[in-house]
Amino acid sequence: MADLNATPTYSLHIADISVDFSKFKFWENVASAEAHIGHSKVAIEHRTGKTLSQTFAPPMKLCFQDPFYLDLLYKRFRVMTKTYDVRFNMADIFRTYDPLGRPERQEYHMSHEKINIVLGLSVNSNTDRKPDLAPTTGNSSTHGTRDLVPTTDDIFRICPQFRILVIGKTGVGKSSLIEHAFGVQNALVSNFKRGEANIDNEFISLQNNRFVLHDSKGFEPGEGGNVDIVQQFIERRGKMPNLGERLHAIWLCIQIPSTGGRVLETGTEDFLKLKCSGRLGNVPVIVVFTQYDKLINQVDFELGSSGNGLNHDAIKELIKDRAEAKLRESCIGPLERFVASIGSDIPHATVSTSDNYKESFVHLIQITEGHVHKHVAVDASLVTSVAQRVDPGLKIKASIDVGKRKYWNALASCTGIFKDYTAEACLHVLHTDIIAVWNFNDPHHYLSSQNFRTLVMNTVDKLDVGPPGTSDPSNTMKVGLSMVGAITGILTPLAGVAAPIVVPIAASVVLAKWVYDVYQASGVLLRRFISFIVDLTIILQTLYLVSDEDKELSIRDIKLAVAAYHRSSVSGSVHVRVQEYVRKSTILNRADRDILDEVIELVNLYSIPTSEISFLRQQIPAVGLTDEPW
């Protein structure tokens with residue numbers, strides 16, 4: 001056995017893990033498990049009866065100093081989830097394993113609160129990479145792929161979730177608000193009857209675990225006690241030591257009155273006075289006027305025959321103008337006059353869950369993110385962008401902000417962060433950060449799979465060929481239409497046919513040797529890295545177009561997005577533009593700042609404006625419900 005008093009200098013590798021929860025008190029409600037090993041987080045996905053298991057290929061590296069724990073997620077109150085943490089004793093694990101013993105694979109057994117865990121351990125790391133594709137001698141990384149810590153890991157360690165309090169009366173539309181803003185189904189608050197809401201309860205959706213919801217009933221007439229309850233809760237949360245435990249935003253939901261009634265009840269005014277006085281701290285309060293579509297319908301009805309003789313577009317515009325006037329008269333005006341009377345300002349937004357007005361959520365999310373950034377913390381605003389699923393523009397902005405913190409700044413240097421790492425290891429961390437920000441409903445982790453990573457790397461390699469051309473700036477003005485045209489061209493021949501999406505590159509093997517070479521600041525590698533960031537961003541933007549935010553991501557969706565990018569004129573334009581930039585610069589005049597600026601410019605240049613998303617989605621044929629293999 002190993003010396004009990006010495007700190008191990010070797011590393012172990014975890015080949016597999018099994019979790020038997022058959023005797024756990026909440027075993028019937030166990031939904032999933034995640035292992036946190038060092039700076040990596042991996043799902044324990046394979047379930048057999050009351051046991052979860054996972055084999056890691058390649059095995060996960062474990063050093064003595066690494067944090068190592070297991071999160072067991074179990075359901076409470078239907079879709080609400082709780083996390084049960086199981087911490088591992090590293091000294092015990094390393095003391096148990098004999099690095100000189102046999103067999104090579106040894107097991108570590110642990111029991112905690114009737115949860116039985118078995119780890120398969122070894123000192124060797126056997127990979128599933130094919131022998132002829134392994135890095136050549138001298139080109140392998142002196143580190144490991146997982147040693148480059150994603151920037152998003154650091155952010156989520158500080159602020160793992162966007163924490164929001166939603167206040168509103170029964171029937172105001174809180175469930176629909178949450179469903180649409182965060183891309184979930186069966187919103188959590190809908191599971192409770194009137195008066196049952198407990199503001200201290202944390203609601204976390206299995207479909208989007210990057211936000212935590214606290215629900216409060218509204219300020220009903222004659223129920224002044226709820227103002228005190230909400231105030232005390234906000235004050236308690238404001239004293240929490242960790243950013244992730246504090247409130248980041250409050251949505252005060254008010255239904256647009258249909259009969260000209262009073263929009264601000266006494267309790268609402270009392271709450272707003274507390275906010276304006278500073279007694280609620282820095283947490284931003286946004287007033288959300290809900291059910292705008294009902295106001296539109298009411299104005300349409302009142303218009304009656306007075307719209308005769310006008311065309312459809314003119315009637316639509318007339319109804320919108322009259323609805324906006326009524327909204328200002330009955331809601332916005334009274335709110336602005338009230339907060340002005342107490343010497344303050346409260347932001348507001350108007351929303352509707354109707355398909356015709358879904359862009360109203362974009363305005364709400366943008367206001368929220370901006371005020372969280374200004375009044376709470378930058379990390380909290382980034383997680384706000386990650387949690388929301390209505391504004392792809394915010395996703396791109398957050399990806400840029402994350403990239404600027406560390407890794408996008410390292411592209412020009414051969415002595416910086418990427419020194420001695422393989423290109424594959426560097427691309428791995430870039431990929432991880434970008435997909436983490438987009439936060440798709442991806443329970444099967446398709447976007448972090450080796451298949452998808454390979455598709456993206458091969459996309460760069462396939463498009464990065466041929467003599468340099470000349471980019472046409474006018475092509476970038478119609479990115480959305482180009483992508484939709486490519487998507488339609490792929491789907492139309494498949495209508496009514498159970499045929500898979502054909503991607504013009506392999507998803508199973510990386511053929512390019514450069515991926516396994518050690519990173520160096522050459523023009524060729526720089527060109528490929530810039531292209532990788534832009535290619536992946538546009539593919540995910542296209543994936544946002546073809547997928548439903550509240551539905552699980554499918555392989556078919558992903559393959560369609562990749563195939564459409566290849567087929568569109570956008571991909572060629574991107575790579576020609578990158579070639580032009582790298583060709584005109586030299587190693588001597590390439591500065592990190594200049595390269596970073598070019599990457600940001602390209603990402604923004606080829607982004608689809610959020611205002612066009614709804615229109616573009618209407619042009620896309622049905623993708624199909626049947627999934628398919630890679």
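# Close-up views of a predicted model

**Figure 1. Contacts of isoleucine 530 and the nonpolar cores.** Once its neighbours within four places in sequence are set aside, isoleucine 530 is in contact with Leu411, Val578, Tyr581, Ile595, Val599 and Leu602. The model shown here and in the other views is a predicted one. The largest nonpolar core comprises 85 residues, and those with the most contacts inside it are Trp408, Leu411, Phe418, Phe529, Ile530 and Leu540. Helix 14 gives the most to this core, contributing 15 residues. Apart from this core lies another, of 39 residues, and Ile155, Val184, Val372 and Val390 are among them. As general background, nonpolar side chains in soluble globular proteins tend to be buried together.

**Figure 2. Aromatic pairs, with phenylalanine 162 and phenylalanine 182 as one example.** The count of aromatic pairs comes to twelve. In one of them, phenylalanine 162 and phenylalanine 182 have a centre-to-centre distance of 6.1 Å and an angle of 40° between the planes, an arrangement that is tilted. The pair links distant parts of the chain, since phenylalanine 162 belongs to strand 10 (residues 162-168) and phenylalanine 182 to helix 3 (residues 174-182), the two residues being 20 residues apart. Both phenylalanine 162 and phenylalanine 182 are buried.

**Figure 3. The pair formed by phenylalanine 418 and phenylalanine 529.** The ring centres of phenylalanine 418 and phenylalanine 529 are 6.2 Å apart and their planes stand at 55°, so this pair is tilted. Phenylalanine 418 lies in the loop between helix 10 (392-405) and helix 11 (423-438), whereas phenylalanine 529 lies in helix 14 (residues 523-546), so the pair ties together parts that are 111 residues apart in sequence. Phenylalanine 418 has 0% relative accessibility and therefore counts as buried. Phenylalanine 529, with 0% relative accessibility, counts as buried.

**Figure 4. An aromatic cluster and two charges over rings.** Phe162, Phe182, Phe211 and Trp251 form one aromatic cluster. In a further detail, the charged end of arginine 210 sits over the ring of phenylalanine 156, at 3.6 Å from its centre. For arginine 87, the charged end sits over the ring of tyrosine 69, and the distance from the centre of that ring is 4.0 Å.

Figure 5. Strand 14 (residues 285-290) pairs with strand 15 in the parallel sense over three bridges, and valine 288 stands opposite alanine 349 in strand 15.

**Figure 6. Isoleucine 342 in its loop, and the chain as a whole.** Isoleucine 342 lies in the loop between helix 7 (312-341) and strand 15 (348-350). Its relative accessibility of 32% means that isoleucine 342 counts as partly exposed. With neighbours within four places in sequence left aside, isoleucine 342 is in contact with Leu272, Lys273 and Cys276; the C-alpha atoms of isoleucine 342 and leucine 272, which are 70 residues apart along the chain, are separated by 9.4 Å. For the chain as a whole, the secondary structure comes to 18 helices and 15 strands, and 52% of the 630 residues count as buried. Of the contacts in the chain with a separation of 6 or more, 76% are accounted for by residues 24 or more positions apart.

Conventions:
Residues numbered from 1 in each chain as written. Predicted model: local features only at pLDDT ≥ 70, side-chain atom pairs only at ≥ 80, totals over all residues. Heavy atoms only, no water. Phe/Tyr/Trp six-rings, centres within 6.5 Å; stacked < 30°, edge-to-face > 60°. Helix = DSSP H or I, 4+ residues; strand = E, 2+ residues; numbered from the N terminus. Buried < 20%, exposed > 50% of the residue type's maximum accessible area, 1.4 Å probe, protein only. Lys NZ or Arg CZ within 6 Å of the ring centre and 35° of its normal. Core = buried A, V, L, I, M, F, W, Y, C linked by side-chain atoms within 4.5 Å. Contact = heavy atoms within 4.5 Å. Pairing = 2+ DSSP bridges.
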